[in-house]
Amino acid sequence: MKKGILLVNLGSPDSPKPKDVKRYLGEFLMDERVIDVPLWARTLLVKGIILNTRPKASAKAYKKIWWEEGSPLIVLSERLKEKVQEKVEYPIALAMRYGSMTLKKGLQELVDKGCTEIKTVPLYPQFAMATTETIDVKIDELVTEYFPQIKITRTPAFYNREDYINVLSKSIAEKLDNLDYEHILFSYHGVPERHIRKSDITNGNCKMNGKCCFKMGSKQHEFCYRHQCEITTVNVAKKLGLKNGTYSTTFQSRLGFDPWLKPYTDRTIERMGKEGIKKMAIVTPAFVSDCLETLEEIAMEGEEIFHEVGGKEFTVIPCLNEREDFAQVLANMIEEWTSVEKPLTV
């Protein structure tokens, strides 16, 4: 069997024009694992309200961060793919869960190269229903309908890999070198609290009180986004020797009025600024590629909030993007698959 690798990221509109943004948002928000309400309610919310109000505002935000080469997320993902390809002998394709770079096109590219066994690598360090799971489900549908001849191997969340933590920690240390900061926020993409409960394979063991997140060895942690975010922060803080009270974990990008994971990033930035923090750094470890949520929501809106409440220095740490050492982490994961070795964990 010839092996191939499919790297998968979230996706992006084809352009920052409102019509392209509307099309992209429609596909994204109508995913039942993103907005997990009954179809009639999701249709009413997305097609009846959001797509009639949000595309223009979102298009303005995309326009602020759009590069000459195109969407930053797409460009950076393509660069990363090329870096990984240089390190492994197996064919690699890149696809997006949403948008025109479809999963079907990515699988077809590998099939056309003769691949019959494909490893999917979602570019998300932490597992979430709205990210990794929706990729897995869509891949299964495509294989059943179009590619019954291929075998799929999934990649588990890599938030606790030693080499990943080392690279993430190094990227932060490089940015903070000689920087006199008072607090560093680890800001992860938020999800509704009910997503955590739905992903709980122990059927009710999750208490949503933050305590069980730090207990090691539970089966539910394999699919618990909150645990994986908290442990990412803990492992990096340990690696960097951060003192208690100088760092914290927050969650950004909430949508709607249901309870989402707390504390919220924007409110934390505002609160800390009001409490007298003058120098803040922020890193976004749920993202491996800089995108709208990091370049606009954090680097622009977050800094504006901080300055409005008296903050002075707001340092944004870039995502891992196309770093050579991060490409090596992905290459290591691929080599472990082909040699059937277990990954190192922290």
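A salt bridge is a side-chain nitrogen of Lys or Arg within 4 Å of a carboxyl oxygen of Asp or Glu. The model is predicted: local features need pLDDT of at least 70, side-chain atom pairs count only at pLDDT 80 or more, and totals for chains, interfaces and linings use all residues. Residues are numbered from 1 along each chain as its sequence is written, and side-chain values use heavy atoms, leaving out hydrogens and water.

View 1. Glu69 and Arg79 meet through their side chains in a salt bridge (3.0 Å, N to O). The two lie ten residues apart: Glu69 in the loop between helix 3 and helix 4, Arg79 in helix 4. Helices (H or I, at least four residues) and strands (E, at least two) are DSSP runs, numbered from the N terminus. Arg79 also forms a salt bridge with Glu322 (3.3 Å, N to O). That pair spans 243 residues, with Glu322 in the loop between strand 8 and helix 12. Buried means under 20% relative accessible area, exposed over 50%, partly exposed in between (1.4 Å probe, protein chains only). Glu69 counts as exposed because its relative accessibility is 52%. Arg79, at 33%, counts as partly exposed. Glu322 is partly exposed at 22%.

**View 2. The Glu275 and Arg271 pair.** The side chains of these residues, Glu275 and Arg271, meet in a salt bridge (3.2 Å, N to O). Glu275 is exposed at 55% relative accessibility; Arg271 is partly exposed at 40%. Elsewhere, shared partners join Asp36, Arg194, Lys198 and Asp258 into one salt-bridge network. The structure holds 28 salt bridges.

**View 3. Helix 11 and its bend.** Helix 11 (residues 292-308) bends by about 30 degrees at Ile298. The bend is the angle between axes fitted to the seven residues ending at a residue and the seven starting there. Ile298 is one of the buried residues of helix 11, which also include Leu292, Gly302 and Phe306. The buried residues pack against elements including helix 3 (55-65), strand 5 (183-189) and helix 10 (265-274). Just after the helix, Gly310 takes a positive phi of about 105 degrees.

**View 4. The largest nonpolar core.** Such a core is a set of buried Ala, Val, Leu, Ile, Met, Phe, Trp, Tyr and Cys residues joined through side-chain atoms within 4.5 Å. Of its 51 residues, Ile172, Ile184, Tyr225 and Phe326 touch the most other members. Helix 12 gives the largest share, eight residues. Contact means heavy atoms within 4.5 Å. Not counting residues up to four places away in sequence, Ile184 touches residues including Ile172, Leu176, Tyr247 and Val283.
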